[in-house]
Each structure stands twice: as C-alpha cells, then as structure tokens.
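Reader: I have a model open here and would like to go through it with you. Can we take it piece by piece?

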Amino acid sequence: MASGGRTAIAGVVVARGGEVDAPAVGDRVVVKAGVHCGTCAACQAGEDRRCDRVQAIGGSRPGGHAERGLGPATHAFPLPDHGGFEGA
C-alpha cells in the first residue's frame, strides 16, 4: 500500500467482508485514513470531522505503510486502472 500523506492510502483490494458488495477483490482504491465512529453526537449530526473517537489507519489502526491494511469499504474510493499509486 502507498501512503498519500496522512489522509489517504492507495492499494489493491485483496479481500473483503461477507456483507460487502463493493469494492471488489482486485479493484484499485484509495482509502480515506480517518475512520470515524459513526455513533457519537458529532457523527450523528453529520460532522464526522469532529468525532472524538476517530481512528487513523496507519496510526491507531494498522496500515498505511504496511504491505496490507484493513479499512472500511465505506472509506474506499475507486482509482483508474492506469498510473501508479503515488499521489493517489
């Protein structure tokens, strides 16, 4: 996986959970590194940037510069099939 600074990680999906429809295994994606809880008052108000329990992939959650990382499918966005991951 390639890290796009502290805000995103790019790579290829190698596995997914049983209830996940997309992205598919083999898809190239960029993953937003900040994982918000979704349940606190800020998240419920649509202000996830103010989440008190936010975790960062590559920080409080494994990933980032690792060969493999784990992130929620809701934070994965498709990348084109061409080009590298740097700067994604």
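Reader: Which residue forms a salt bridge with aspartate 48?

Author: Lysine 32 does, with the closest N and O atoms 4.0 Å apart. A salt bridge here is a side-chain nitrogen of Lys or Arg within 4 Å of a carboxyl oxygen of Asp or Glu. The pair links distant parts of the chain, 16 residues apart: lysine 32 sits in strand 3 (residues 28–32), and aspartate 48 in the loop between helix 1 (41–44) and strand 5 (55–56). Helices (H or I, at least four residues) and strands (E, at least two) are DSSP runs, numbered from the N terminus.

Reader: Before going on, what kind of model is this?

Author: This is a predicted model, in which local features need pLDDT of at least 70 and side-chain atom pairs count only at pLDDT 80 or more, while totals for chains, interfaces and linings use all residues. Residues are numbered from 1 along each chain as its sequence is written, and side-chain values use heavy atoms, with hydrogens and water left out.

Reader: How many salt bridges in the whole structure?

Author: The search finds 2. Besides the pair above, arginine 50 forms one with glutamate 47, and there the closest N and O atoms are 3.5 Å apart. Arginine 50 is exposed at 60% relative accessibility, whereas glutamate 47 is partly exposed at 37%.

Reader: What does the side chain of histidine 36 reach?

Author: It reaches the backbone oxygen of aspartate 48, at 3.2 Å. Histidine 36 lies in the loop between strand 4 (34–35) and helix 1, and at 19% relative accessibility histidine 36 counts as buried.

Reader: And which residues is histidine 36 in contact with?

Author: Leaving aside neighbours within four places in sequence, they are Cys43, Asp48, Arg49, Cys51, Val54 and His75. Contact means heavy atoms within 4.5 Å.

Reader: Cysteines, then. How many disulfides?

Author: The search of the whole structure finds 0. A disulfide is a pair of cysteine sulfur atoms within 2.5 Å.

Reader: New topic. Where is the cis peptide bond?

Author: It joins alanine 22 and proline 23, with omega about 0°. Most residues other than glycine have a negative phi, and most peptide bonds are trans. Proline 23 is in the loop between strand 2 (8–12) and strand 3.

Reader: What does alanine 73 touch?

Author: Val20, Ala22 and Pro23, not counting residues up to four places away in sequence. Alanine 73 is in the loop between strand 5 and strand 6 (76–78) and is partly exposed, with a relative accessible area of 29%.

Reader: What is the overall pattern along the sequence?

Author: β-β-β-β-α-β-β, which comes to 1 helix and 6 strands. The chain has 88 residues, of which 27% count as buried.

Reader: Last one: where is confidence lowest, and where highest?

Author: Lowest in strand 1 (residues 2–3), at a mean of 44, and highest in helix 1, at 94. These are pLDDT values, the predictor's confidence in each residue, from 0 to 100. The chain averages 83, and 88% of the residues score at least 70. Over residues 1–5 pLDDT stays under 50, and the model has 17 contacts for them beyond four places in sequence. Where pLDDT is low, the predicted coordinates should not be read in detail.

Methods
Buried < 20%, exposed > 50% of the residue type's maximum accessible area, 1.4 Å probe, protein only. Polar contact = N/O pair within 3.5 Å; in protein donor to acceptor, adjacent residues only side chain to side chain.
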